[in-house]
Amino acid sequence: MKESNMPRADFITSMILIVVGVAAVWNSLEMPRYENQGGNFLDSPGIVPALLGIMLVALSLVVFIRSIVRKGYKLGWNTASLSAVVKDTMTVRMLVTIAFGVVYGLFLMRWLHFIAATLIFVFVFIVVFEYDIKKPLAAQWKVPVFAIVISTATTAGVYLAFTKLFLVNLP
Amino acid sequence: MEGLRMLGEALLGFLKWDILLSVVWSTGLGIIIGMLPGLTATMGVALLTTLTFKMAANNAIITLVCMYIGAIYGGSRSAILLNIPGTPANAATCVDGYPLAKQGRAGQAIGIATTGSFLGSVIGMIVLALFTPWLGRQALLFKSFEMFWFAIFGIIICGNLTAPKDPLKGWIAGFIGLLIAMIGAEARWSYPRFSFGSVEISGGIELIPAMVGAFGFAEIIAVMKHPVMEHVNTKIDRIWPRLKDITMYWKTIIRSGIVGTIIGIIPGVGEDTAAWVSYDLAKRSSKEKELFGKGSIEGLMAAETGNNACVPGAIIPVLTLAVPGSAPAAVLLGAMLIHGVHPGPMIMQENPTFVSEVVAMVLLATIAMFVLGMSLVRPLVKVLQVPRSKLMPIVFILCMVGSFAIQQRFFDIGVMVLFGILGYAMREMDYPMAPMVLGIVLGKILDNNLRRALVISGGNPLRFFDTPVSIILIALTVFVVVARTKWFAAGWKAARGAVVGLFRKKAS
């Protein structure tokens, strides 16, 4: 991230961290103390998380105040700037990669067998990132062909290595 | 003599075909993983931990040590040939390695980097062998109060050194890691903290999936974000370094080796800091300062010696205090625990031969790294030309399978994905990952020891300050925090100026 954007990023992240810290302290105070079972308050489950939450709030507050001094509260959000960020190639690539990870890891692996899920994931990943929409489809026939070869080889290699060689069960 | 005998016995124990084969393939794989930008030593060790789950403990751990040493060295290849560090530990290598490659001296640079890595690893190994038994005995002095302060000191110094521009963010990352470690059933009453009724969350956050996500998936996102990869076109010339290149810089080699090892001992501070500090010290004391940044052999040697010396250094606190000296060492610690080895203050009493065995592992890994590093230069250049769009999905599959394999839980895959996104976001916001990882490792240690200390002290805060070790750790922590403030820097500059002025007056 550019240095010039850091005060704004710090403004937002410090607020999020303060909320997390306060939530941790709140949740910790609600934890049982087991004093009626012979426990010591100083040994209760919530004492250490509460102290850590307080430290997190204190440190994040310093970052928050520092970001205000550096005028990080001037977010400068408008339709044009947000549109520019969303349309930026690197942002799109980043979001697509995250989406692939989430879909494959959290959904495909639960709904399908490992072999089917992995074949689909590798094939679609390579095609999406290597296919150039500006060039004609016929000129890029190698992309899906290589994608099929690599996805098949990868799926077979990983499946056999893990199940036969390393004796790990796959989903 | 007793130590040498134990080392000899340990070495003999490892001279079996299956173990030597493991040494060769895991070191080779480590070099490949290290040299590919986007794959880090931490990711390599974490993924291999799951693959070696069913192996015997010693075979598994030697495989991981070889992967660790191979990966830290392997990153120098892409640093020299592509100006992209294969792992963060090799960032300093780019500064002089890449200019040498542009001058047509890529082979010489690779030879120097390999030799530097070998010598650094040897120096670190010697310190590991000599220092670990002593530190193990001192670690017995660490009781609840001292372990609590040690955990705090570890977070503070790790945050300080891994976020030099903004240590506050390093400390925040550390406390986030400590809070993450609080998730799940706690040791005293088995109360499921922060589980929100979920049975899976009450089991806690496993270290390996969290690390695979933070260092694996996060790297994949960062790599795929950038569409262009530079292709390697350089010719590889003579690889074997001249003896003159090594003997001329013997002081730099020894200094970088010792500095790298010491930095490895500091909790959570890793090979990248070791490389930069070694490089910086070499530049300050060099007679050829003007060459630094333009293809200095001395600079390249310092960086690679420092980062590889850090590896055995990072293993020292793992063995003696069960505290990792770096992120890959944190995974190594997790792997030892999985395989039933219990490092910590009692290791010299319960399992003294294990320390010698680890020294032998480092020695074998170092030799394998040197032999493979020198002999596989030209074939490995081809590996660098694999397009990222084909490599990264394979890496992600390994991340996913590796996270699942430990406990066969889909929850761990979710942890990996979540920590990947969190790790990437933290990187973008300049929050370093190392303190967070250290916090996750130290969290249980801090929790148990702080609660025990509070009960022993009966709530009296003065009990936290009444042992010499506690006072030393508190003083170091305060010094590390205060040293970053502007008024301290101004006071230090004034004091240094006054002392120098006094000596000049006396001289004249």
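The model is predicted.

## Chain A

Chain A holds six helices and zero strands. Its pattern along the sequence is α-α-α-α-α-α.

The overall dimensions come next. The C-alpha trace of chain A spans about 70 × 50 × 25 Å along its principal axes. Its radius of gyration is 25 Å, whereas a compact globule of 171 residues would be near 16 Å. Of the 171 residues, 27% count as buried. Take the contacts in chain A between residues at least 6 apart in sequence: 64% of them join residues at least 24 apart.

## Domains of chain B

Chain B is divided into two parts: domain 1 covers 2-85 + 97-456, and domain 2 covers 470-508. The C-alpha centres of domain 1 and domain 2 of chain B lie 32 Å apart.

The two domains touch. On the domain 1 side of chain B, 10 residues are in contact with eight residues of domain 2. Helix 7 (residues 144-162) of chain B gives the most to that domain 1 side, with nine residues. By class, this side of domain 1 has eight nonpolar residues, one polar and one charged.

## Where chain B meets chain A

Between the chains, 51 residues of chain B are in contact with 54 residues of chain A. On the chain B side, the elements that give two or more residues are helix 8 (167-181), helix 10 (207-225), helix 19 (388-407), helix 20 (410-428) and helix 21 (433-457). Helix 19 of chain B gives the most, with 10 residues.

## A closer look at M336(B)

M336(B) lies in helix 15 (residues 327-338) of chain B. M336(B) counts as buried because 22 other C-beta atoms lie within 10 Å, and the cut-off for buried is 20 or more.

Its surroundings include residues from elsewhere in the sequence. Leaving aside neighbours within four places in sequence, M336(B) is in contact with I61(B), V341(B) and P343(B). M336(B) and T49(B) are 287 residues apart in sequence, yet their C-alpha atoms are 9.4 Å apart in space.

Conventions. Residues are numbered from 1 along each chain as its sequence is written. Chains are lettered from A and ligands numbered from 1 in the order in which they are written. This is a predicted model: local features need pLDDT of at least 70, side-chain atom pairs count only at pLDDT 80 or more; totals for chains, interfaces and linings use all residues. Helices (H or I, at least four residues) and strands (E, at least two) are DSSP runs, numbered from the N terminus. The radius of gyration is taken over C-alpha atoms; the globule rule is 2.2 Å times the number of residues to the power 0.38. A residue is buried if 20 or more other C-beta atoms lie within 10 Å of its own, exposed if 12 or fewer, and partly exposed in between; C-beta atoms are placed from the backbone. Two residues are in contact if their C-beta atoms, placed from the backbone, lie within 7 Å. Domain bounds come from an automatic or database domain assignment. Ala, Val, Leu, Ile, Met, Phe, Trp, Tyr, Cys and Pro count as nonpolar, Asp, Glu, Lys and Arg as charged, and the others, Gly among them, as polar.
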